[in-house]
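Okay, thanks for coming, everyone. Let me put the model up on the screen and walk you through a few spots.

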Number of protein chains: 4
Amino acid sequence: MVKVAVVGASGYTGVELLRILYCHPEVAVTCVTSEQSAGKRISEVFPTLRGRCDLVLENLEPVRIAERAELIFTALPHKAAMEVVPTFLELKRTVIDLSADYRLHDAAEYGKWYEPHMNPELLPKAVYGLPELRRDKIAKARLVANPGCYPTSIILGVAPLLKKRLIDPASIIADSKSGVSGAGRSAKVDNLYCEVNDGFKAYGVGGVHRHIPEIEQELSELAGERLVISFTPHLVPMDRGIFSTIYATPLKKATTEQLVKLYETFYHGEPFVRVLPVGQVPSTAHVRGSNFCDIGITVDQRTGRVIVVSAIDNLVKGASGQAVQNMNLTCGFPENMGLEGLALFP
Amino acid sequence: MVKVAVVGASGYTGVELLRILYCHPEVAVTCVTSEQSAGKRISEVFPTLRGRCDLVLENLEPVRIAERAELIFTALPHKAAMEVVPTFLELKRTVIDLSADYRLHDAAEYGKWYEPHMNPELLPKAVYGLPELRRDKIAKARLVANPGCYPTSIILGVAPLLKKRLIDPASIIADSKSGVSGAGRSAKVDNLYCEVNDGFKAYGVGGVHRHIPEIEQELSELAGERLVISFTPHLVPMDRGIFSTIYATPLKKATTEQLVKLYETFYHGEPFVRVLPVGQVPSTAHVRGSNFCDIGITVDQRTGRVIVVSAIDNLVKGASGQAVQNMNLTCGFPENMGLEGLALFP
Amino acid sequence: MVKVAVVGASGYTGVELLRILYCHPEVAVTCVTSEQSAGKRISEVFPTLRGRCDLVLENLEPVRIAERAELIFTALPHKAAMEVVPTFLELKRTVIDLSADYRLHDAAEYGKWYEPHMNPELLPKAVYGLPELRRDKIAKARLVANPGCYPTSIILGVAPLLKKRLIDPASIIADSKSGVSGAGRSAKVDNLYCEVNDGFKAYGVGGVHRHIPEIEQELSELAGERLVISFTPHLVPMDRGIFSTIYATPLKKATTEQLVKLYETFYHGEPFVRVLPVGQVPSTAHVRGSNFCDIGITVDQRTGRVIVVSAIDNLVKGASGQAVQNMNLTCGFPENMGLEGLALFP
Amino acid sequence: MVKVAVVGASGYTGVELLRILYCHPEVAVTCVTSEQSAGKRISEVFPTLRGRCDLVLENLEPVRIAERAELIFTALPHKAAMEVVPTFLELKRTVIDLSADYRLHDAAEYGKWYEPHMNPELLPKAVYGLPELRRDKIAKARLVANPGCYPTSIILGVAPLLKKRLIDPASIIADSKSGVSGAGRSAKVDNLYCEVNDGFKAYGVGGVHRHIPEIEQELSELAGERLVISFTPHLVPMDRGIFSTIYATPLKKATTEQLVKLYETFYHGEPFVRVLPVGQVPSTAHVRGSNFCDIGITVDQRTGRVIVVSAIDNLVKGASGQAVQNMNLTCGFPENMGLEGLALFP
C-alpha cells in the first residue's frame, strides 16, 4: 500500500486521478490540495466522489504533504509545478508531474516556448513517462514527466514508422482534435457551453502550440535525427478524447497489410495499445474512460502517403491514467493495476 | 466464480453488462447472444471490448446456453424475454430479466399495457429486483425482474415519504427526463443524432407510458393503498441518465431539514443511495457510469409542496448495474462487488 | 426607417437582437454598447456578424446614444437597466427593456426578489410586453418590459385555461427546462462545456427562482385572483430552448379534443403561437431560431389532470424576437416584420 | 416570381431548401415530393414548417411536376437523380441537381467511383455550380450540378493558391471534418445519437471517399494540370458544419500577410466568402445557418507549409444555400437574394 498525494486536485486531471486511484488496490490517497478550494471537501467540488472520497482540500505546503505521502502526483499548471517539485524531491519523494515543466530535456527550448526554467538542473533527471518507449527508465525514476495528451497520441501513432526508418522525417503532418476537457476547468468565455457546442474550430494554427517541442523531441529521438513537424490542434464539442490524423511520405513502398503487421509486432504485449485490423478506424468513443490508445494504419494507394489515426482519452492515457501507469512502474506494481476498466459506451 | 450468459448482448444494456461483469472478480462470462449479429465477435459490434472480451455472439438457443451458464441475464425486448425465460428456469438456472415481462404481478395489467402474457404462472415467483426495498426476497429468488429505469428513479425518490404516510398518495406527479440510450440501439429516424441533438421534448404525454403500471404497483405497495400517478417522460440530448422531479402534497407539515433527515435514516447503510444535504441538487453528470441514485429533497415554503429530485444512470442503476447488484444478492456475493466504480466526470 | 440602439450588445440576447434586426426592412442599428468590449468591433466579439454589422462597441452614455437612436433595446442585467432607462425616457426615447427591472408592477415585490427598486414611479408606466395578451397597450407604450423566457413559455401555455376558469388556480405546477444560453455569456465554471455537456440537473428548487413573481403576477391577472405556483427550472445540455411541462387540476371535465379546440380559438390569428393537433407534442428543436411558441395539450384520463407542454426559443420568443415583436407594435410596423424566419432544423 | 419544385423534400437538404425558399421574395414553391412520405403534409415530417409551408408531399412524377414548376431542385441520392433529370430537361425545365450525378465531366470517372452513368450525354451540358469560380456559365445553364459539401470547402479554400501557382499541386492534403447532417436522414445505427455523441472518428481513410474525383477535377482545372490529393473525412458530434484543414507546400516563399492579401483580392466582392484577418481562425459555429464560407490562411514558419482552414455550413453553402445561389444566377435575380440571413449563434 503506497500513500499518495494529489496536488492540484480540483482540476479535471485531478478528479480523474482520484477516480482511478480510488479503485486501485495498492493505493491510499492521503492528501489532496487546491489553492482555490482549500478547506472544502473534495466531494463538494466534485459530487461524483461523494461518499467515497471526502478528504478536505488543503493548501499546497510541500513539507506537510511529504510527511503524509510517499508519492506525489502534481496536477498543476506549468510553472506552478516547478515551484514545488524540487522540495518533494529533496524530501526523497517520488513525483509524477502532469505539467509540462519536466518534459523537455533542453532548458533553452523550454524557455523559448514557456518561460525561463527555474530548476534546469532537474531536467536530466526527469524521465519522459511514455511507458511504451521507456518502461525501464521510468521504473527507476524519481521524477517522471508525464506526457502531454496530444504528444501521447502522436508519438504512439508514429513511433513504429520512425523507428523502422519507413517514412521521411520531414514529411510528418499531425492534424489533431481534442475534447474540451483538455482546456481545463478555469472559467473562460471561450470554454462556455454555448461557445463550444455544435461548432468545430482549429486553434494555434501555424506551428505555435506548446506541445510541439515535446512531440519533436520524442520523434527526433525515435528517428535518430532532428525533425520538425506540422501540428494543428482543433477543438471538438465533446468532453473527452484526442484523435490524431497523421500523414507521412513513405521512404519505401509498403502495403496497409504490411504496416498493420509491423505495428502489431512493435506493440506486441503492450497492455494499452490496440492496433486495429486492416480497414478499421478508431473512435474516441471507444476509448472514453479507458487507458487504451487505439491505432489504425492505412496506405493511400493514390497518393502513396501513409495515414495513421490514433485515439485516446485525453484525461486517461493522455494524463491521469498514464500517470497511474507510471506510478505502477515506479512502485513495482503490475503495470495495468487499477487501469483495467473498459470504456464507457455509450 | 459463477458462469454467466448475457442474452441479447448487442444492445446498450448488453454491452453495459459486459463492461461491468468484465471487472467483477467472481464472474466469468461464458456466452453472449445476439440474433442480428450472431457469428460476429462481440468486440466487432462494440470495439470498446476489443482485446478484453472477444467472445463470438451466438444465436439464442436456451438449452445450449444453460449448459454453459449458471446464471442468465436476459437483456431482451419485452415478449422476447418471456419466450425463453421459462426454459432457463426449467433447467434450474437463475434468471435476471432486464425486460418488462416479469415486473408486474398482475397478468391482466400486463395484458393491458403490453400484450397477453405467455406464462402468467411465473409472475408470482418473480421478485421485483429493487434491492433497497426487497433485498431478502431477491437473495432467494430464481427469477428477478430487474426494474425499469424510470421506475427506479421514481420509486427510490418517493419511497420514504409514502412508507411514512407523509404525502397524499393521489398527489404524486413525476416529471422525468431521460438520456437517449434509454431508447435502445435500433435504427430509427427519431433517434438519429440530428433529430435529438440540441433539442428537448416530451413524449408519451397523458399517462400512456408503459412504465406507469410498474411504478404504480410499487408505490401502491409502499403506500398501503392503490394509487395512480401523473408521469411524463422527456428526452434529453445526452447519452445516459434519468432525472426525475417529483411533486407531492404533504399530509403533515415538515421542513426540508426534517425530510432530509428522514431520507438519511431510511437509506442509512445503503451502498448506492446518496441523500444530498439540504440545498444540494443532484445531476445526472454526477452519477454517469456509476450505480448511485442521488436524491435531493426540498419543501417549497410558498406552495407547501414537497419536491424530490433523483438522478441515476439509466444503464447502470437503471438497468445493468442494478442487475449485477441483484446477481450479487442471488449469488451471496457482497452487494457492491464489481459496482464500486466512480462516475466518469467530465 | 427607425434608428435603433442595442445597449448591452455583447451578450447572447444582444447578438440575437442584431441577427434579427439586421434582416428587418425598417430598422437601422446605429449604436451598440458594451462596457467590457468598448472600442472593439461587434464583429470581433461575434464573428457571425463579420462583413454585415461591423459597428464599434461604445460605452454606455445614455445621452450620446439617445442622440442617434429613436428606440433603445436595453439588453442589460437587472439593476444595470434601471440605472439608464429613466434617462432614455426623459429624452423621449422608446425603450424595450429585456431585463427584469420593469416587469413587476409592485416595487415591494421587486425588492423582495431582487433589491430595492431605483425608480418605482416608472413601474405603472411600463407595459408587460406579451403581445398575445396585451397587444394594444404595448402599441401605445413608451417603456415595454420584455417578458422573461420561462414566464413567456408558462403564461402562453396556461393562459386559455385560466382565462376560461377551467383549472384550479392553486394546482399549477410548472416543470421547466432551459438551454444553456439562458445563463448568459459570463465566464463561470458552472457554465463550462464540460460541466454542462451530457448531464441534466435542476436548480433553484423549491420556489426560489426570480421568475416566479413575474409568472404569478401575470397568471393571477388572468385568473382574476391571487395564485401561487410551483416552478422548477432545469438545465438541458443544448444551446437554445425553453420547454415547460405544466400540470393543473381541471375545475370541470373536458376532453383533450375540447381543450385543443379551446386553445385554437384563443390563439386564432396569432402569428407566433402554434397550437398542435391532438396527439402531437412540441420540441424545442422545432422552434430553434424562430419566434414561435408551440403548445400541446393533453388530458390524462387516469388522473384527470391537464398537461400543457410549450416550447420556445429562449433567445427569440423568450427574449430578442419578442422584443422585436414589441418594437413592431410600438412603431406601427406589421407585427411579424423581420420575424418570419423558420426554425433551423437540424 | 418563379415557380419551383423540391424533389426529395423529406431529407435534410430538402427541408433546408424549403427554409430558405420560404423567405425568398421571388419564389413560390408549388410542389414537394417524397417517395417515403407521399400523402403526408411536409409540415408533419418537419414540424418547423407548420403553419408556413403545409404542402402535401407527392410521388415523383416528373411530367406532373414540370407542369407546375419552372425550376426543379433535385435533392435526391445519386442514381435517383439521373433517373429523372433528363425528363425535366426535355420538358425545358431548369434543374439544380444536388446529387453527385452531374458533377463529374467524365462518365468513366463517374463509373469508377459510383456506377455506370445512365445519361453521359448530359455531362458536357451540366455546369459545376460553384459561383465563385464559374458565375457566368451558371447564369446560362439549364442543368447545374450543385457541388458537394466537402468539395465546396476545399476548392474555395485552395483556389487562390492553385490559380496563382503558389503551391506544389502534388502536396495538397485536406483533412476535413463534418457535422452529422452530412450523413443524411436515413435510419442507420451508425448515425444514432448515442453512437455519435461525445465521440470523434475518421471514416473513408486512405483516398476512398466519393467526393475525391470531384475535388480533383476542380483543383486540376485550377492548377492547369492533373493532380491528386490526400483527403480524409471525419465525423464531428454536431448537426451542421464542414471544417477543412488544408496543408500544402509553397513553390515560392510567402508570408501569412501576403497570402491573406492575395485571398482578399481573389475573393474581393464575393458576397459569401469572408477572408479572415491575419491570426483569426474560422469556426463552423460562426457560419451555422448562413451561406458564408469563412477562410483563414497561415504560413507555418517552422516547416514552411501553408495551412488554409475553411468553414461552411454543409447544408447551406455546402448544399441548399449554394443551390439557391445558383438558382438566383440562372433566374437573373441578385445573387444574394434570400441568402442574407446571419448565422445563428449560439
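**Rings, chain pairs and one aspartate**

Let's start with A:Tyr114, which is buried, at a relative accessible area of 14%; buried here means under 20% relative accessible area, exposed means over 50% and partly exposed is in between, with a 1.4 Å probe and protein chains only. Before I go on, this is a predicted model, so local features need pLDDT of at least 70 and side-chain atom pairs count only at pLDDT 80 or more, while totals for chains, interfaces and linings use all residues. Residues are numbered from 1 along each chain as its sequence is written, chains are lettered from A and ligands numbered from 1 in the order in which they are written, and side-chain values use heavy atoms, leaving out hydrogens and water.

How many aromatic pairs does the structure hold over all chains? It's 36, where rings of Phe, Tyr and Trp (its six-membered ring) pair if their centres lie within 6.5 Å, and planes under 30 degrees apart count as stacked, over 60 as edge-to-face and the rest as tilted. A:Tyr110 and A:Tyr114 have ring centres 4.8 Å apart and planes at 15 degrees, so that pair is stacked. A:Tyr110 is buried too, with a relative accessible area of 1%.

Over in chain C, the pair C:Tyr150 and C:Phe231 is edge-to-face, with 5.1 Å between centres and 70 degrees between the planes. C:Tyr150 sits in helix H7 (residues 149-163) of chain C and C:Phe231 in strand E9 (residues 230-235) of chain C, so the pair ties together parts 81 residues apart in sequence. Helices (H or I, at least four residues) and strands (E, at least two) are DSSP runs, numbered from the N terminus. C:Tyr150 and C:Phe231 are both buried.

There's also a cluster with members from two chains: A:Phe200, A:Phe243, D:Phe200 and D:Phe243 make one aromatic cluster. And in chain A, the charged end of A:Arg274 sits over the ring of A:Phe292, 3.7 Å from its centre; the rule is NZ of Lys or CZ of Arg within 6 Å of the ring centre and within 35 degrees of the ring normal.

Now, chains D and A. Chain D superposes on chain A by a rotation of 180 degrees with 0.0 Å of shift along the axis, at an RMSD of 0.0 Å, fitted by least squares on C-alpha atoms of residues with pLDDT of at least 70 in both. The same surface serves both copies, as 100% of the contact residues of chain D recur in chain A; contact means heavy atoms within 4.5 Å.

What area is buried between chain D and chain A? About 3,900 Å², with carbon and sulfur atoms giving 55%; that's the accessible area (1.4 Å probe) two parts lose on being put together, summed over both. On the chain D side, D:Asp198, D:Phe200 and D:Arg302 lose the most area to chain A, together 19% of what that side buries.

Between chain D and chain A there are six salt bridges, meaning a side-chain nitrogen of Lys or Arg within 4 Å of a carboxyl oxygen of Asp or Glu. D:Glu216 and A:Arg302 meet in a salt bridge at 2.4 Å, N to O.

Last stop, B:Asp198, in the loop between helix H8 (193-196) and strand E8 (201-202) of chain B. B:Asp198 is buried, at 4% relative accessible area. Leaving out residues up to four places away in sequence, B:Asp198 touches residues including A:Asn197, C:Arg288 and D:Asp239.
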